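Here is a walk through one protein chain. Keep the model open as you read.

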Amino acid sequence: MAKVLIPTPLRQFTGKQDAVTAAGATVGEVLGALTSQYPDLRKQIFTEEGKLRSFVNVYLNDEDIRYLGKDATPAADGDTLSLVPSIAGGSVAAPPEEVALTKEEILRYSRHLIIPEVGIEGQQKLKAAKVLLVGAGGLGAPLGLYLAAAGVGRIGIVDFDVVDFTNLQRQVIHATPDVGKKKLDSAAAKMQAINPALRIDKHEVALSSENALDILKDYDLVVDGTDNFPTRYLVNDACVLLGKPNVYGSIFRFEGQATVFAYEGGPCYRCLYPEPPPPGLVPSCAEGGVLGILPGTIGLIQATETVKLILGIGTPLVGRLLLYDALGMKFRELKLRKNPECPVCGDHRTITKLIDYDQFCGVPQPSVQPPAQETQVNEGEIDVVELKAKMDRGDKFVLIDVREPHEYRICNIPGAQLIPLGEFPRHVAEFDKDADIVIHCRSGMRSAKACAVLKQNGFPRVRNVVGGILAWADKVDPTMPKY
Ligand SMILES: [Zn+2]
């Protein structure tokens with residue numbers, strides 16, 4: 001006997017059952033047995049000639065039978081067949097009475113209501129839906145605006161950041177007068193202006209192992225718009241543990257990714273990436289940059305998936321990683337498989353509660369990160385004010401800038417020699433071991449690596465400029481542009 005999972009739109013033909021069993025040695029036989037048991041279903045998924053309709057995909061366990069043996073694919077006891085209709089019209093269970101649409105809402109959503117796949121009931125589902133946005137930044141901006149406009153009834157936002165001037169290039173939910181305001185307040189004001197009936201929950205916290213389950217539990221699905229690995233793993237694990245779909249998106253420079261994790265038997269983030277990259281290997285948007293338009297594209301793919309999941313229509317982006325290349329203007333799709341060895345969603349789970357994600361991702365603890373305001377100068381470091389004094393005194397020393405040439409063109413410290421970090425090891429032999437060497441970059445991270453390279457090679461007098469050229473712009477030369 002094989003188990004056949006019935007998707008929501010087809011359950012009206014199987015006596016509202018979400019799973020039924022049917023016997024057969026092949027997929028074709030199982031479907032034959034299923035449809036003789038439920039004749040109404042037969043008309044939905046087979047043509048008059050008995051062929052599977054083209055808008056229905058059948059998966060044997062996690063594999064599409066089109067890539068196996070089609071109808072003749074052997075089906076064994078304990079196998080699971082899933083029927084996945086690509087477009088499913090109509091609606092299923094009526095939403096509760098209290099989400100009945102008002103006259104004003106019927107007018108507001110009229111362009112939805114006249115699509116048969118949405119209709120009044122679909123709009124009621126949107127109104128009853130509860131969605132959590134993790135982050136009100138680049139991805140959260142289009143998500144917040146469009147989900148509010150589409151009529152999602154309740155949207156929670158997790159964010160504790162304030163709007164920064166450098167956010168405005170892409171985070172279109174925030175405007176120039178919002179700089180310095182909480183992102184939560186700025187985003188909520190725009191969303192509320194679009195849709196006054198929207199209920200917004202503001203969660204002004206950093207999502208953590210302590211609070212994540214409590215925050216996520218009240219929502220139907222979670223949209224991940226974060227920009228760091230610890231939070232990605234945290235959101236993933238919390239979604240798997242709670243059984244909530246995780247609508248994922250990520251962006252870097254000209255490229256983006258999107259998929260839906262932790263959805264009804266589909267893979268999770270850990271199935272794709274069991275372990276995070278070593279710290280520092282994958283730069284963040286702040287370090288590597290991002291095309292301002294890119295989060296719009298990826299955020300709207302996430303918004304589309306969110307609305308489809310709420311309505312129960314179409315084929316969700318489950319088990320497929322969508323890759324977007326803005327420069328080539330190409331979309332590619334990779335098949336994602338659920339990993340039976342996955343520590344959080346596999347057969348032998350070792351993660352059954354939330355863990356310490358900073359430690360898991362190798363992120364330095366806050367105590368060793370440079371504080372934002374008061375910069376502490378440790379051994380092997382130099383403050384920008386001291387650097388300026390050193391220059392003014394005419395001290396003999398070598399100043400090296402390890403940023404990239406396009407960064408050097410934005411701003412530079414007079415007298416600095418440009419050697420990008422990637423080329424730095426090749427130049428080590430050119431330096432004098434007795435020289436007084438000072439190295440800087442944008443914020444002090446890359447130059448710390450360059451200092452470490454020199455120290456390993458036996459250079460005793462090497463110092464890193466704390467806070468990099470940004471600190472120089474703050475404390476020494478306020479006319480210098482920051483980036
Ligand atoms: Zn997994």
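Predicted model: local features only at pLDDT ≥ 70, side-chain atom pairs only at ≥ 80, totals over all residues.

Helix α6 covers residues 140-150, and helix α12 covers residues 294-311. They pack at an angle of about 40°. Their axes are 8 Å apart.

Which residues of α6 and α12 make the contact? From α6 come Ala 141, Pro 142, Leu 143, Tyr 146, Leu 147 and Ala 150. From α12 come Pro 295, Gly 296, Gly 299, Leu 300, Gln 302, Ala 303, Thr 306 and Val 307. By type, the contact of α6 with α12 has 10 nonpolar residues and four polar ones. No charged residue takes part in it.

Now step back to the whole chain. It has 18 helices and 18 strands. Its C-alpha atoms fill a box of roughly 90 × 55 × 40 Å along the principal axes. Of the 483 residues, 35% count as buried. Take the contacts with a separation of 6 or more: 66% of them join residues 24 or more positions apart.

The largest nonpolar core has 69 residues. Val 131, Leu 132, Leu 133, Ile 155, Val 222 and Cys 268 touch the most other members. What is Val 222 in contact with, leaving aside its neighbours within four places in sequence? The partners of Val 222 are Leu 132, Val 134, Leu 216, Val 235, Cys 239, Lys 244 and Asn 246. A second core is separate and has 19 residues. Among them are Val 384, Leu 387, Cys 451 and Val 462.

Terms used:
Residues numbered from 1 in each chain as written. Helix = DSSP H or I, 4+ residues; strand = E, 2+ residues; numbered from the N terminus. Buried ≥ 20, exposed ≤ 12 C-beta atoms within 10 Å, placed from the backbone. Contact = placed C-beta atoms within 7 Å. Core = buried A, V, L, I, M, F, W, Y, C linked by C-beta atoms within 7 Å. Axes fitted to C-alpha atoms, helices over the stretch in contact; angles between N-to-C directions. Nonpolar A, V, L, I, M, F, W, Y, C, P; charged D, E, K, R; others polar.
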